[in-house]
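I opened a new page for this protein today. Here is what I looked up, in the order I went through it.

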Amino acid sequence: MTSPKGPALVVPISKADASGPQVLQPSGWPAPKGYANGMAADGRLVVTGGVIGWDVEGHLSDDFTTQVRQTLSNISAILAEGGARPEHLVRLTWYVVDIEEYLANLRPLGQIYREIFGTHYPAMALVQVVRLVEKAARVEIEATAVVPR
């Protein structure tokens, strides 16, 4: 068996503040922008299904950033129902139908994200898909949160 090459994994879990998720950042890796490489948490799991940008009346905007804003707001509402807050998020998986549309809107997406979730950045993945179940949806996001015990 050979030893793995690359930087050693550093798990910065502070005993003094183990009340929420902890960012996992391998030593020597560049800091990610707008997401975490990994998270560790202990508590009650709160998960969402794939959430899209429907408003309370079931309407879906044609605009990508408006859909993202509503999707993140919907996730925030689901988290609240489960007793979770945005700072309890440990993972978000984004499904987009056009990755170029996502990339072209990074600045407004970052602003929208911070308005709704603050500056807590969980582990995230971004996947381009052919389409979503709801034909007019441009984005769908799954969320995982861990509420401390």
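I began with contacts (heavy atoms within 4.5 Å). Residues 24 or more positions apart account for 72% of the contacts in the protein that have a separation of 6 or more. A note on the source: this is a predicted model, where local features need pLDDT of at least 70 and side-chain atom pairs count only at pLDDT 80 or more, while totals for chains, interfaces and linings use all residues. Residues are numbered from 1 along each chain as its sequence is written, and side-chain values use heavy atoms, with hydrogens and water left out.

**Layout.** I found 3 helices and 6 strands, taken as DSSP runs (H or I, at least four residues, for helices; E, at least two, for strands) and numbered from the N terminus. Their order from the N terminus is β-β-β-α-β-α-α-β-β.

**Burial.** I use "buried" for under 20% relative accessible area (1.4 Å probe, protein chains only). By that rule, 36% of the 149 residues are buried.

**The core.** Which of its 23 residues touch the most other members? They are L72, I75, L92, W94 and F117. At least two residues of this core come from each of α1, β4, α3 and β6 (139-148). I then picked I75: beyond its neighbours within four places in sequence, I75 is in contact with V51, F117, I141 and A143. In soluble globular proteins, nonpolar side chains tend to be buried together.

**Helix α3.** I checked the length of α3 (residues 106-117). The buried residues of α3 are L109, G110, I112, Y113, I116 and F117. They sit on the same side of α3, because they cover an arc of only 165° around the axis, taken from the directions from the helix axis to the C-beta atoms. Among the elements that cover them are α1 (64-81), β4 (89-96), α2 (99-104) and β5 (123-128). After α3 comes G118, with a positive phi near 75°.

**Q67.** Is Q67 buried or exposed? Q67, in helix α1, is buried, with a relative accessible area of 0%. The Q67 side chain reaches the backbone oxygen of S61 at 2.6 Å. Not counting residues up to four places away in sequence, Q67 touches G53, L60, S61, D62, A136, A137, R138 and V139.

Key. The expected span of a helix is 1.5 Å times one less than its number of residues. Buried means under 20% relative accessible area, exposed over 50%, partly exposed in between (1.4 Å probe, protein chains only). A nonpolar core is a set of buried Ala, Val, Leu, Ile, Met, Phe, Trp, Tyr and Cys residues joined through side-chain atoms within 4.5 Å. A polar contact is a pair of N or O atoms within 3.5 Å; within protein, one must be able to donate a hydrogen and the other to accept it, and residues adjacent in sequence count only if both atoms are side-chain atoms.
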